[in-house]
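Here is a friendly note to read alongside the model. Please keep the viewer open while you go through the points.

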Amino acid sequence: MLPLSVLDLFPVVNGVKPSQALRDSIELAKRVDELGYTRYWIAEHHNMPGIASAAPEVLIGHVAGVTKRIRVGSGGIMVPNHTPLRVIEIFRTLEALYPGRIDLGLGRAPGTDQLTSAALRRSGREVNAELAELLAFGNGQFPAGHPFEHILAMPSDVVTPPIWMLGSTQAGAAIAAQLGCGFAFAGHFSMSEARGALQRYREDFEPHGTLTKPHAILAVSVVCAETKARAEELALPLKVSASRLGKGKPAAFATIEEAKSYPFGPEDHAIIERFTMGSIVGDVDHVRREIPRMAETLGADEVMISSLIPDLAERIASYDRIARALLSA
């Protein structure tokens, strides 16, 4: 059975307060835990009015506390925005509280615009140097003579949770392969390089530590409804968001009714086509066919579903249908 997981951006819908968006996504987490999804990962974005998950490390602890079995993690912690030692301390603490249920997904981009990135990042250091330091704190393997070699990341009796590299290009795949860690490809917004990136990850993978063979997660945007027509309606707000982002005008997610009357222009089509490439939108039979087919075609071991449907009940219902189609025994 193909493992299915969830990527949540804690979407903020027009007319709904961001604090309510947080509470809505907690309800989703509880439900997908019951449905048998493998992981529930929380994205990190800043200065985006349509995304409330600015502090995934806080949300991970809360979600793990209100769920029972699902793995909870970051999709991801964006390395440029954090000091390496603090990341390891936070995630070891989470691992101590919820042993065997925490994932540490790492991204090399800031997850925001340049100005906000400057407000978040004070060190000015190159991101790969930050990543190397973070990993050294995680495995306790600074080179001899390094000024940080005797710093103890607490709690010291807890292993660092499994590390995953996130990426949307072959560069991220190459780093994941070199580190011998899991790789999660961001196909939910950038599917064009998925085949090449996953292939490179598998071919170049070097086993280290507990991961003896490659494990690739493919994130995919999926909307599953009772009919194809209804699924296409539920997917309209994501197209509106893609249009706005492409024009540098991010906003809260449109409601379905607002999206139906959105004035898409000629310039929107290329933006939307690029952003939604690989999206799976349709009824249960369509989703049942297409998710496994895409995983097999691109070489993914696991599919992580992003369903940015503005209505909470419809969003949960979409995950329910997918689970019944592909996770039922």
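Predicted model: local features only at pLDDT ≥ 70, side-chain atom pairs only at ≥ 80, totals over all residues.

**Side-chain contacts, point by point**

1. Residues are numbered from 1 along each chain as its sequence is written, and side-chain values use heavy atoms, with hydrogens and water left out.

2. What does the side chain of K247 meet in a salt bridge? The partner is D268, at 3.1 Å from N to O. A salt bridge here is a side-chain nitrogen of Lys or Arg within 4 Å of a carboxyl oxygen of Asp or Glu. This pair links distant parts of the chain, 21 residues apart: K247 sits in the loop between α8 (228-246) and α9 (256-260), and D268 in helix α10 (residues 268-275). Helices (H or I, at least four residues) and strands (E, at least two) are DSSP runs, numbered from the N terminus. D268 is buried, with a relative accessible area of 0%.

3. How many salt bridges does a search of the whole structure find? The search gives 19 salt bridges. One of them joins E302 and R39, whose closest N and O atoms are 2.8 Å apart. Because E302 belongs to strand β10 (residues 302-306) and R39 to strand β2, this pair ties together parts that are 263 residues apart in sequence. Both ends are worth a look: E302 counts as buried at 1% relative accessibility, and R39 counts as buried at 8%.

4. Next, turn to helix α11 (residues 284-298), where R293 and E290 are 3 residues apart and so separated by about one helical turn. These two form a salt bridge, with 2.8 Å between the closest N and O atoms.

5. Now for the rings. Rings of Phe, Tyr and Trp (its six-membered ring) pair if their centres lie within 6.5 Å; planes under 30 degrees apart count as stacked, over 60 as edge-to-face and the rest as tilted. By this rule the count is 9 aromatic pairs. Y37 and Y319 make an edge-to-face pair, because their ring centres are 5.7 Å apart and their planes stand at 85°. The two are 282 residues apart, with Y37 in the loop between α1 (18-35) and β2 (39-42) and Y319 in helix α12 (residues 312-326). Y37 is buried, at 0% relative accessible area, and Y319 is buried, at 1%.

6. A stacked pair is formed by F137 and F148, at 5.8 Å centre to centre with 25° between the planes. F137 lies in helix α5 (residues 127-139) and F148 in the loop between α5 and β6 (163-167), so the pair ties together parts 11 residues apart in sequence. F137 is buried at 5% relative accessible area, while F148 is partly exposed at 29%. Finally, have a look at F183, F185, Y201 and F205, which form one aromatic cluster.

Methods
Buried < 20%, exposed > 50% of the residue type's maximum accessible area, 1.4 Å probe, protein only.
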